[in-house]
Amino acid sequence: MKQFITFVKKEFFHVLRDRRTLLILFGMPLAQILIFGFALTNEIKNARIIVIDQAKDEASRRITNRLAASNYFEIQEDVMDQNRMEAAFKEGNIKLAIVFPAQFRNDLIHQNHAQIQVIADASDPNTATTLTSYVSSIIQDYQTELNEGNGLPYRITPEVHMLYNPQLKGAPNFVPGVMALVLMLVSVMMTAISIVREKETGTMEVLLVSPFKPMWVILAKAVPYLLLSLVNVLSILSMSVWVLQLPVAGSWLLLFAESTLFIITCLTLGIFISIKAQSQQVAMLISLMGMLLPTMMFSGFMFPIENMPMPLQVFSNIVPAKWFYIIVKSIMIKGVGLEGIWKETLVLCGITLFFFLISLKSFKIRLE
Amino acid sequence: MTHREPVISAEKLTKRFGDFIATNEITFEVYKGEIFGFLGANGAGKTTAMRMLCGLSIPSSGRATIAGFDIYRQTEQIKRHIGYMSQKFSLYEDLTVLENIRFFGGIYGLDNHQLKSKSEVLIERLGLQAERKKLVGELPLGWKQKLAFSVSILHEPRIVFLDEPTGGVDPVTRRQFWAMIYEAAESGITVFVTTHYMDEAEYCNRISIMVDGRINALGTPGELKRQFNEPSMDGVFYQLARGAKRGD
Amino acid sequence: MRILKFLLQKEFRQIFRNRAILALILVMPVMQLIILPLAADYEVKNINLSVVDHDHSPYSRQLVSKITASGYFRLQGYPASLKEAYHLIEQDKADLTLEIPRGFERELIRDGHQQLFIAVNAINGTKAGLGSAYLTRILRDYNEDIRMEWMTPTRFQPVSTIEVVPSNRFNPLLNYQFFMVPGILAILLTMVGGFLSALNIVKEKEIGTIEQINVTPIKKHHFILGKLIPFWVLGNVVFTVGLLVSWVIYGIFPQGSISAMYGFVGIYLLAVLGFGLLISTYTDTQQQAMFIMFFFMMIFILMGGLFTSIDSMPPWAKALSRLNPVSYLVEVMRMIVLKGSGWADVFPHLCAMLGFAVILNGWATLNYRKTN
């Protein structure tokens, strides 16, 4: 045990001496949580649209005013005819165009029926759908107001209640997601690189010939990163509570314990990569290029997993960040206790054990 | 000796890193065709001084010229006329022997004809015919060092700087290495070499010994032994280094 | 020029000699490009719905079957109370719950007005927004049906209706992959270029070969060019392979000018490589370079408009995204691939990118010191 502590101390010296890396290590998660927490949002607002009003009558103006008043849209004034519309779409300047036909009000009054054309840039399908439905509902409101006097019978009105995140802010979704992502990559990369580095410079051999069990050498390298990551967890959480105003609904202690578990999972994964990789560059490429996008996508905070094809849904189960994301979301936002997330916790334990065992096994093989 | 032209002349050359004075007002001259041994304990400031002379590091104060060029303003001209072999092995391990020779020859501006003939001569002289297509990383250390030295004088520089060129090399290879140094010196290249081996110091025409950033002794090995009243260079070095405050 | 030739020869040799890295560079992006768009499907369907039906009337059943028939929703059961329904949401088994009050049918006919209660799990804003939008649309249609049923005799009441005729340009089938593939390709290209160049000079610093280069009379810009060009070529190869993959597998072929696309990507690569080189001139170890690159990559990717719309960001973030080269590439790729834009349309982006390339490479060259 005393030897182990000696090793851990040495690793701490390594880590603490490299000030620049340390700064990045602590600064990065903070900056990211802040930027993403404030900037990222799934909500669509301020979309640039144009109104091509061929009618220029009272009805079309009323609707246009309503569109302008909502903060979903920003009406661009400079494009007014259909020819320029094409170019504006191609230059990417507008997302949607609304065309009022000539005689709009006339049709509405005399035939009780009029059409409005809504042309959306569907290269982004969801934005197109959402914007179209915003336009429809604004027009619907106008229509209801128009028919006020007549009193529509048999009216069903839905009362929609948004749970957990009534203002549809980005933070409740992104904070747990970014937290999973940052912790994962930092812990995996740090361990993987620092071990492979010792292999490259040859100091690993010195450690391996010491009378100390080789696996302990590796574990000692992981301890400082565990502690550093825990500091990161604390700082990320404090940021989200005090700056992003996103309180932890459940138990802090539980959240901290689960984070520790997740970090350990990542560390074992990092150790596994380091045993397999021969050079720092390979370790980095695997842990970054190979893991950044998949972790982003398969953790479920960007894209709903249930939409994916079956094989990918199965695959997502081996992405540790997916389980951690569910856990953090449950504790932080929904205020669930251990009874609600024990299954996810078990899965993380299982993954950790798995990586630990295969690292142990492949490590032995290397030494023979 | 005095009528020979100096190719390196340094006057009160100093390098500070914050409060730490790595090299403290060193003054010396090195003459053409000479083998100049630059001695000192670890941390005495040898590498720093050498890096300044090569144009890798700008001095904090003092003056120096290398092959007639000023080390403040004319670092790029200096680089044309010097060769350098660093303490860290510095050929590309993932290139072959031939590729390394051609690369370094090429960036010193040798033309194709020169490259071809020179690399042939070099490979033959080192006896590397069988290894010419081998990656440098696969060669034994001694061969790598000899190759690195040969590459550093491929472009026929006026001065070559060698920073502990024989560290970790076996005695036989060491002797061969020194034979190569003599050969280079005879062809008119000035050799500026740092070493920790006192027997190697005896091979030099003149040596200087640095202690705590200063040059405390300068002269031929014979002169120094007489001056410090010691039978061997080992003794001279030990007398000087004992007084050092810095070290590992 | 001759010196540049030697530098290029050396860099290419080193790249091709290191098979592990080369394979990673070429295979990993292709694999990700094949798999990730399948995963990045944000077409909102399969929304899990639970219905708390206190009414159990023909009307309520009719409503539920209309909702399930829409194809957007998957019925996850009929919990007995709202409390149970909330529990389902808490466990992520349902995203949405619809409560139909007791006496819904009776009172709708008698009073002419009824209210339904919908609760949405809003942690994920997009899903919540779209889900509730779909559900309200279905309710409206259903409402219309009922009105028709009861109002037929008095049909000729003067009720004005405005019909909204939506049309979807550029991607009429609303295929989400059309949207994601060009964006993902943009990200992969950025990662390959950025990481390789960031690690390269630092690696020479770490193993010490840079010293040997620094004592030679090589010009700084030759050295930087010698590093830039090989990765630029490699980046173009990766990009071309990526385009082929997206054509063969997803049937996505650029609608617009291919020359404009390569023109832009060429300049873009210069900018990204320059950024990588800049980082490598500021760092001493590969580990540091990696972390700094990672930091910027995360921000570039998440703020690049690939996953979330830049328009919706607060003004400061929007301004910041103008400094993010990735946002330009994602935009240009989508414009050319999906909208059929050409040189003229991407000209402003091109100029901006040229600015990035010049500034970043100039800065890197200035900051690379042979002497210090």
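How many of the 5 residues of strand β7 (residues 159-163) of chain B are buried? Let's get to that after a quick word on the model.

So, this is a predicted model: local features need pLDDT of at least 70, side-chain atom pairs count only at pLDDT 80 or more, and totals for chains, interfaces and linings use all residues. Residues are numbered from 1 along each chain as its sequence is written, while chains are lettered from A and ligands numbered from 1 in the order in which they are written.

Okay, back to β7(B). The answer is 5 of the 5, so the strand is largely enclosed by the rest of the structure. Buried here means that 20 or more other C-beta atoms, placed from the backbone, lie within 10 Å of the residue's own. And strands are DSSP runs of E, at least two residues long, while helices are runs of H or I with at least four, numbered from the N terminus. Both faces of β7(B) are covered: B:Val160 and B:Leu162 are buried on one side, and B:Ile159, B:Phe161 and B:Asp163 on the other.

Now its neighbours. Strands pair if DSSP finds at least two bridges between them. β7(B) pairs with strand β6 (residues 82-85) of chain B in the parallel sense, over 4 bridges, and B:Leu162 is the bridge partner of B:Met85. With strand β8 (residues 190-194) of chain B, β7(B) also pairs in the parallel sense, over 5 bridges. There, B:Ile159 stands opposite B:Thr190. To get from β7(B) to β8(B), the chain goes through helix α6 (residues 171-186) of chain B, and this β-α-β crossover is right-handed. That means that, with the strands pointing away from you, the path from the first strand over the helix to the second runs clockwise.

What does α6(B) meet? In helix α5 (residues 141-152) of chain B, B:Gly142, B:Gln145, B:Lys146 and B:Phe149 meet B:Thr173, B:Gln176, B:Phe177 and B:Met180 of α6(B). Contact means C-beta atoms, placed from the backbone, within 7 Å.

Last bit: chains touching each other. Chain A puts 99 residues in contact with 102 residues of chain C. On the chain A side, helix α6 (residues 125-146) of chain A gives the most, with 13 residues.

Technical notes: Two residues are in contact if their C-beta atoms, placed from the backbone, lie within 7 Å. A residue is buried if 20 or more other C-beta atoms lie within 10 Å of its own, exposed if 12 or fewer, and partly exposed in between; C-beta atoms are placed from the backbone.
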